[in-house]
Amino acid sequence: MSDTERMPRVRTYLMCPPEHFTVEYAINPWMDTTVPVDAALAGKQWELLRTTLIDLGHTVHVLDPVEGLPDMVYAANGAFSVDGRVYGARFRHPQRSAEAAAHREFYTGWQFIEPEHVNEGEGDFAYLPGAYGGVILAGHGFRTELPAHAEAQEALGRPVISLRLVDPAFYHLDTALAALDDHNITYYPEAFSPSARRVLAQLFPDAVIADRADAEAFGLNLVSDGRHVILNTEATAMGEKVRAAGYTPVHVELAELKRGGGSVKCAVAELRA
Ligand SMILES: CN(C)C(=N)NCCC[C@H](N)C(=O)O
């Protein structure tokens, strides 16, 4: 399919500025507490991501950052919304647990479902409205626990496909898989268990397949509006792969946020009213 045939869909997003961003604890393999973070640079890169989304025609809401919650910039982890219903997050690590309340407050007026099980919002859940009548892909193995998948299905009324992650470097689903549009995905197969790989190959035969270098460059941690695929500047090869599949890559420098173990997608939650 050529680039001109891909139709973008206007989105509404939620982001949280890295005002209090530091790497003062290590809860994933990417975090190194011995190298100081350049907070000013992180702020500039975050702002460029925000304005890129706005320039593409999308709406970006901003969540107030809370002092003492340095990972709050990864706004995708705070909840997961589908058609006006919001399944709240419950963080695996105590360092992040207070973020859930800040997100809950943001969703005042939405139908909010309080979770019983550990889950890290859009970090481990992706929604494809055009695939199989609307399907949720869900990761488990490192952060989100398996019973949260059934809880999300009950809360959101959409089938949830459970996918087991097996490589600690790719500890959230959104480090290893992304929705490119309403019905297709890109993913790095080796991040998943053999059974999960079979499930993905069966459900998404036209998926764009990424390799380890793409995943390590956080090239799968992307945000797509169905046409424009926003990914970090390091992920050049991944950009070419999505271009070959008919999408338009838009690269944004986000190196400072990688220091906390995240990139574009982690910093952006989609609000599906
Ligand atoms: C793509 N990823 C991994 C995310 N969705 N979130 C990033 C979370 C980073 C944070 N330091 C943590 O380890 O929780």
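A polar contact here is a pair of N or O atoms within 3.5 Å; within protein, one must be able to donate a hydrogen and the other to accept it, and residues adjacent in sequence count only if both atoms are side-chain atoms. With that in hand, welcome to a predicted model, in which local features need pLDDT of at least 70, side-chain atom pairs count only at pLDDT 80 or more, and totals for chains, interfaces and linings use all residues. Residues are numbered from 1 along each chain as its sequence is written, and side-chain values use heavy atoms, with hydrogens and water left out.

**Confidence**
- The protein has a mean pLDDT (the predictor's confidence in each residue, from 0 to 100) of 97, and 99% of its residues reach 70 or more.
- The scores for the model are ipTM 0.94 and pTM 0.97.

**Ligand site**
- Ligand nitrogen atoms lie 2.9 Å from a side-chain N or O atom of D71, 3.2 Å from one of H172, and 2.8 Å from a backbone N or O atom of G260.
- Taken alone, the ligand exposes 390 Å² (Shrake-Rupley method, 1.4 Å probe), and the protein buries 100% of that.

**Cysteines**
- The count of disulfides (cysteine sulfur atoms within 2.5 Å) is zero.
- C16 is in no disulfide, and the nearest cysteine sulfur, that of C266, is 13 Å away.
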